[in-house]
Protein chains: 2
Amino acid sequence: MTALKYSKQRESIKHYLMTTNEHPTADMVYMHVKKDFPNISLGTVYRNLNLLTDIGEAVKIATPDGGDRFDGKVEPHNHFLCTVCGRLLDLDLDMKSIEEVNRLAAENFDGIIRSSSTLFYGECSDCIKKS
Amino acid sequence: MTALKYSKQRESIKHYLMTTNEHPTADMVYMHVKKDFPNISLGTVYRNLNLLTDIGEAVKIATPDGGDRFDGKVEPHNHFLCTVCGRLLDLDLDMKSIEEVNRLAAENFDGIIRSSSTLFYGECSDCIKKS
DNA sequence: ATAATAACAGTAACGATTACTGTGATTAAA
DNA sequence: TTTAATCACAGTAATCGTTACTGTTATTAT
């Protein structure tokens, strides 16, 4: 209900999220945005990341190894976590497949499924080359 | 490499994980096991949960809302997080569907996919009834 | 311009998790 | 079945990611 007020800092955070595919942690966002706003506060980064997530302009990705990652790509898609190097990569399934999974899941389930997020595990191409 | 030594505490933690479907947090495990071992340490719970996870006798589930959950059911299956009440429930897809998803994902992906974990979001049946 | 207030920087507090330390339990070997 | 080695423990301190607080600054509506 409270009006949303513009800020350069939020603009910068959002721009970074939308132009990177690094799936940065809050701290990575902080370090990056610091280049343009040397005295930005980490709290500001967290507040804006959560704000952007709440209004649907960013996505929060939980991983079993430490802090959350953020993504400026809000269209439904999935992620791959390399168990060797720890990198988080985009993994696009076409919408049909995603919807199909949700439909299959709904068959044996006694509630309403609104969305889903799949995290795939394995070895990324870079780590395969090195081994 | 270092030998694994038996302990009643680990036994109890593992037993609880295997017989509940609550997907407890570390703290919930702590409070439960405390009934049998009143002076067990929370550190012991964490150490053993991680140990069990490492040796494949438990699974750690990351959720975007706070602490990790643990599951003694290690066969591949997925989970549903109710966005209303916050409960985490099992959601079984048959193996065929899971494998199919992994196969579909592998088609557009340049690495090896070993496993996947899908978190579904929506409203559980209890919360639907109440609304 | 002015007033109202959202957003900020800086910092303190918090909750979840891990690391450390000295003690006790389990295991393998004598 | 003692002994010796060491893993696991309880208890506590430290760390890490995140959120909350406070006084100041920037944005917006009047």
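These legends describe close-up views of a predicted model.

**View 1. Helix 1 of chain A, end to end.** Helix 1 of chain A covers residues 8-19. That makes twelve residues. From its first C-alpha to its last, helix 1 of chain A reaches 16 Å. The span expected at 1.5 Å a residue is also 16 Å.

View 2. Which residues of helix 1 of chain A are buried? They are Arg10(A), Ser12(A), Ile13(A), Tyr16(A) and Leu17(A). These residues cover an arc of only 160° around the axis, so they sit on the same side of helix 1 of chain A. The other side carries exposed residues: Lys8(A), His15(A), Met18(A) and Thr19(A). What do the buried residues of helix 1 of chain A pack against? Their partners are helix 2 (26-33), helix 3 (42-54) and strand 2 (69-71) of chain A.

View 3. His23(A) lies in the loop between helix 1 and helix 2 of chain A. Is His23(A) buried or exposed? His23(A) has a relative accessible area of 1%, under the 20% limit, so this residue is buried. Its phi is near 50°, a positive value in a residue other than glycine. Now turn to chain B. His23(B) lies in the loop between helix 1 (8-19) and helix 2 (26-33) of chain B. The relative accessibility of His23(B) is 2%, and so His23(B) counts as buried. Phi of His23(B) is positive, near 50°, and the residue is not a glycine.

View 4. Strand 3 (residues 78-82) and strand 4 (residues 88-91) of chain A run antiparallel. How many bridges join strand 3 to strand 4 of chain A? There are four. Five residues lie between the two strands of the hairpin. In this hairpin, Gly86(A) takes a positive phi near 85°.

**View 5. The largest nonpolar core.** This core has 24 residues. Which residues touch the most other members? They are Phe80(A), Phe120(A), Phe80(B) and Phe120(B). Both chains contribute: strand 3, helix 4 (95-107) and strand 5 (112-123) of chain A each give two or more residues, as do strand 3 (78-82), helix 4 and strand 5 (112-123) of chain B. Take Phe120(B) as an example. Leaving out residues up to four places away in sequence, Phe120(B) touches residues of chain A, including Val101(A), Ala105(A) and Ile113(A). Phe120(B) also touches residues of chain B, among them Phe80(B), Leu81(B) and Leu91(B).

**View 6. Helix 4 of chain B and its buried side.** Helix 4 of chain B has 13 residues. It reaches 19 Å from first C-alpha to last, close to the expected 18 Å. Ser97(B), Ile98(B), Val101(B), Asn102(B) and Ala105(B) are its buried residues. Their arc around the axis is only 140°, which puts them on the same side of helix 4 of chain B. They pack against strand 4, helix 4 and strand 5 of chain A, together with strand 3 and strand 5 of chain B. The face turned away from this buried side carries the exposed residues Lys96(B) and Glu107(B).

**View 7. Glu107(B), a residue of helix 4 of chain B.** Glu107(B) has a relative accessible area of 53%, over the 50% limit, so this residue is exposed. Which side chain does the side chain of Glu107(B) meet in a polar contact of 3.0 Å? The partner is Arg103(B). Cys124(B) is 17 residues away along the chain, and the C-alpha atoms of Glu107(B) and Cys124(B) are separated by 33 Å.

Definitions and conventions
Residues numbered from 1 in each chain as written. Chains lettered and ligands numbered in written order. Predicted model: local features only at pLDDT ≥ 70, side-chain atom pairs only at ≥ 80, totals over all residues. Heavy atoms only, no water. Pairing = 2+ DSSP bridges. Buried < 20%, exposed > 50% of the residue type's maximum accessible area, 1.4 Å probe, protein only. Polar contact = N/O pair within 3.5 Å; in protein donor to acceptor, adjacent residues only side chain to side chain. Expected span 1.5 Å × (residues − 1). Arc of directions from axis to C-beta. Contact = heavy atoms within 4.5 Å. Core = buried A, V, L, I, M, F, W, Y, C linked by side-chain atoms within 4.5 Å.
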